[in-house]
Amino acid sequence: MDIADFHALRPGNAPSPDGSTVVLSVRELGTVRVPSGHLGACDPFVALDTPLVVEVPPGDHRVVVTIADVSSEHDGSHLREAYLSVIVADGDVASVDGAPLLGRTPDPGDAFGIGVDTGTVGFVDADAVAASMPEDPDWYDAVFDNGEPGSWFSQMDAGSPLPTGTANIVMPRASAGQNVVLSHSGWGDGAYPLLRTLDAGGTLLGIHIDLLVAGPLDDEATADPDDEATADLDDGATTGSDDETAVSSDETGADRDRQPRSWLRRLFGR
């Protein structure tokens, strides 16, 4: 992927897939605790216990959301999340490519996609979920949307201490602050590439969920949020969790909500 087409953590003007310009800003969401070194990326309301897993240095890592002002006047009246990022190390980005999963590496020019069905993405220590969430598997009614101010939905809607649409939440049975950091997913549901940034020496700098709000022109898709023409990733090779999909740039179709088609072609130029 051309670094010029990657805009995470870069405030200022950026192109969008429909050819317009968006204005990016960066907001800190605290840290995610990853003592196991196994960073999970997923739609947390659907696949918290079966995330895509990337190896990172064990420890607490900053999480940052890059926000795009997509309003026509750039007046802040219409904001969408463009990237959710975990910062592993400081340094100058020399390359961007598909993040490898534990035991699996995407082919050159490919990336693994995170399936999103609730308009939300998040990061978590994959090894902490089983012990930190309730034993009763009905997490939706008990934890996510129980009508209480502490429910995960309520925390995402609160607007404080973090921006509306984001949250940093300690899991209910956490013994040492094991948490999930969540963000709404740009235009909504779809499948979003999991990327990594490296410095010139190959050191991992960050893991990023690209929500396809900023980036190069996609000449096969409209960026209209109501357009149902979307990336169909169902033909990709799928193993493991339900939202792990290996996708090549040749796989296009129309079945994912609010998702521009051919995102790998747009990102990686294939």
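Reader: Which residues does Glu55 touch, not counting residues up to four places away in sequence?

Author: A contact means heavy atoms within 4.5 Å. By that rule, Glu55 touches Gly37, Leu102 and Leu204, leaving aside residues up to four places away in sequence. Keep in mind that this is a predicted model, where local features need pLDDT of at least 70, side-chain atom pairs count only at pLDDT 80 or more, and totals for chains, interfaces and linings use all residues. Residues are numbered from 1 along each chain as its sequence is written, and side-chain values use heavy atoms, with hydrogens and water left out.

Reader: What is the mean pLDDT of the protein chain?

Author: pLDDT is the predictor's confidence in each residue, from 0 to 100. Here the chain's mean is 84, and 80% of its residues reach 70 or more. Over residues 220-263, though, the pLDDT is below 50; that stretch has 112 contacts in the model beyond near neighbours in sequence.

Reader: Back to Glu55: is this residue buried or exposed?

Author: Buried means under 20% relative accessible area, exposed over 50%, and partly exposed in between (1.4 Å probe, protein chains only). Glu55 has 55% relative accessibility, so it counts as exposed. Thr120, at 1%, counts as buried.

Reader: And where is Thr120 placed?

Author: Strands (E, at least two residues) are DSSP runs, numbered from the N terminus. Thr120 sits in strand 9 (residues 120-125), while Glu55 belongs to strand 4 (residues 52-55).

Reader: Which residues does Thr120 touch?

Author: Beyond residues up to four places away in sequence, they include Cys42, Phe45, Met156 and His184.

Conventions
Helices (H or I, at least four residues) and strands (E, at least two) are DSSP runs, numbered from the N terminus.
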